[in-house]
Amino acid sequence: MSETFTKSMARNIFYGGTVFFFLLFLALTFDTQSVLPKRDNRAAITPAVVHGKNLWETNDCIGCHTLLGEGAYFAPELGNVYKRRGPDFIKAWIKAQPTHAEGRRQMPQFNFSDSDLDDLVAFLKYASEINTNHWPPNDEG
Amino acid sequence: MQFKSQAAAKPYFVAAIGLFVGQILFGLIMGLQYVVGDFLFPAIPFNVARMVHTNLLIVWLLFGFMGGAYYLVPEESETELYSPKLARAMFWVFLVAGALTILSYLAMPYARLAELSGNNIVQTMGREFLEQPLPTKAGIVVVALAFLFNITMTVLRGRKTAISSILLLGLWGLAIFFLFSFYNPSNLVLDKYYWWWVVHLWVEGVWELILGALLAFVLIKVTGVDREVIEKWLYVIITLTLITGIVGTGHHYYWIGTPEYWQWWGSVFSALEPIPFFAMTVFAFNMVNRRRREHPNRAATLWALGTGVMSFLGAGIWGFLHTLAPVNYYTHGTQITAAHGHMAFYGAYVMVVLTIISYAMPILRGRPCNSPRAQVVEMWSFWLMTISMVFITLFLTAAGILQVWLQRVSDTPLPFMVVQEKIGLFYWMREWTGVVFLVGLVVYVASFFIKGDERPA
């Protein structure tokens, strides 16, 4: 780099550029926050959904599954599982685990009560109705 | 060693390497579970193994960063560390807290751990990478604050250099953005939005400042190139990093309920994210080519050059591969993401920590560099680990392309598990390559125990 471009110039560009782009990011965040009520299905967040999310978290479901594409890639996407399988299948599936099929990937038994299962399904239904810009590309997730 | 208190770094480096070994063992368990689904079930379910794998990675890299800071800052500031005692105490606090956390993951069901650790007071658990129970999260904050206090006081007391200021900025940013891990709203979209303020603003933001500072420090030492030149480069690189990386967070906001315009912001800015990594590669090679001395620690120089190349490939190229919104629509949440994650973490953060360890550890052990024999072994481990990581990435990428095709692009999309079985061959190849990586890691650890004549051949 040429002698006319000094270290202190580089430093000033660093601090100026960082502050500018961080403020831009904050502005975009502010706008996102104001648009989200129309997209994020917050009206559907009932106490059951809140409890369902808590169950989702305290059983570390994200350690195997993805939810809206984020998480682990060991087991199917669940952001749209409500649409793919429906509530009864989901509950029956969770109750039937593990399959003990030899050599197959296994899901633990979490011993949920029936009302827990209802809440979990409520959470998955809420998640499936978030506006995700048409992701995933098809029902298989 | 120029300052006695730099010795504070040593236990941090030892712990980092020990936890690194644990991380890789759990990686192999998970890799096998991908193809032999019931391996170790129900003793270690996949989600537990994954938590251990990723949390160990984060913890050992933090040990590496802290060790690096304790070594670097006194030398840059030309003064003893503010409190070596505090550094030693925090080492044990962090190690014990980390070990207890990992053991608790393995000892009981996660839901039970959540119950016992007070997750109902502040619900923070069960989100990817932030699985730590509340006391651990609080412990991380305490350790980070004590560490930052110690480092900041040292910098304030002594000479201020660009390297130490940038390191400090990166470390403060690390601590501040971690605070978002305590924010977990019921609204899933907001939860995900601010979750990225920890995850993305760490690895594609402030951690890169730490990376740049550590790399620049080692390059000054091993090449003898003028500090003015190296620090000017460093500023240019981190400027490019942050002006692309901050708004580049948008590449995570395509499909999680956030507005469409993020597809533009995210695509444009993150498409530029390879540029700082390319600059870093050019920088590393340029400085080594212009070297004014032949430093006897050739292994450290190799790691430094490797960091430049591999971070460019892993974070730059493999990141770009799936960062544009129309591509990401199909690749989001597939093995493509896993491929990128593996090479980016290895190339950028694993390698920079191994660079500073390679440079500092011999000095901490009372010699300018290791014997040529020990260095040859260390360089073997470099190639074994690096090449196997390249192949792990290639196999996962192949698996990912097939997965995307069969599950999402094809006219007759197949269910997830059907696809997983069809691409099993690539998971097997990844697993065997992982075994080679472990061999490389064993060779790496062995290199610390090889004696021989210390003078270069």
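## Helices 2 and 3 of chain B

In this predicted model, the axes of helix 2 (residues 46-77) of chain B and helix 3 (residues 84-107) of chain B cross at roughly 175 degrees and come within 10 Å. Helix 2 of chain B is therefore roughly antiparallel to helix 3 of chain B (angles over 145 degrees count as such). Axes are lines fitted to C-alpha atoms, for helices over the stretch in contact, and angles run from 0 to 180 degrees between N-to-C directions. Helices are DSSP runs (H or I, at least four residues), numbered from the N terminus.

Helix 2 of chain B brings B:Val48, B:Met51, B:Val52, B:Asn55, B:Leu56, B:Val59 and B:Tyr70 to the contact. Helix 3 of chain B brings B:Ala87, B:Gly98, B:Ile102, B:Tyr105 and B:Leu106. Contact requires C-beta atoms, placed from the backbone, within 7 Å. By class, this contact has 10 nonpolar, 2 polar and no charged residues. Ala, Val, Leu, Ile, Met, Phe, Trp, Tyr, Cys and Pro count as nonpolar, Asp, Glu, Lys and Arg as charged, and the others, Gly among them, as polar.

## The face towards chain A

Chain B puts 61 residues in contact with 58 residues of chain A. Elements giving two or more residues to this side of chain B include helix 2, helix 7 (188-223) and helix 13 (335-364). Helix 8 of chain B gives the most, with 11 residues. By class, the side of chain B that touches chain A has 34 nonpolar, 16 polar and 11 charged residues.

Helix 6 (residues 162-178) of chain B has 17 residues. From first C-alpha to last it reaches 24 Å, close to the 24 Å expected at 1.5 Å a residue (1.5 Å times one less than the number of residues). Its buried residues include B:Ile163, B:Leu167, B:Leu171 and B:Phe177. Their cover includes helix 1 (7-35) of chain A, plus helix 2, helix 5 (134-157), helix 7 and helix 8 of chain B.

B:Tyr194 lies in helix 7 of chain B. B:Tyr194 has 16 other C-beta atoms within 10 Å, so it is partly exposed. Buried means 20 or more such atoms, exposed 12 or fewer, partly exposed in between. Neighbours within four places in sequence aside, B:Tyr194 is in contact with B:Phe180 and B:Tyr183.

## Confidence and conventions

Chain B has a mean pLDDT (the predictor's confidence in each residue, from 0 to 100) of 97, and 99% of its residues reach 70 or more. The predictor gives the complex an ipTM of 0.97 and a pTM of 0.97.

Residues are numbered from 1 along each chain as its sequence is written, while chains are lettered from A and ligands numbered from 1 in the order in which they are written. Local features need pLDDT of at least 70, side-chain atom pairs count only at pLDDT 80 or more, and totals for chains, interfaces and linings use all residues.

Definitions and conventions:
Parallel < 35°, antiparallel > 145°, perpendicular 65-115°, else oblique. Contact = placed C-beta atoms within 7 Å.
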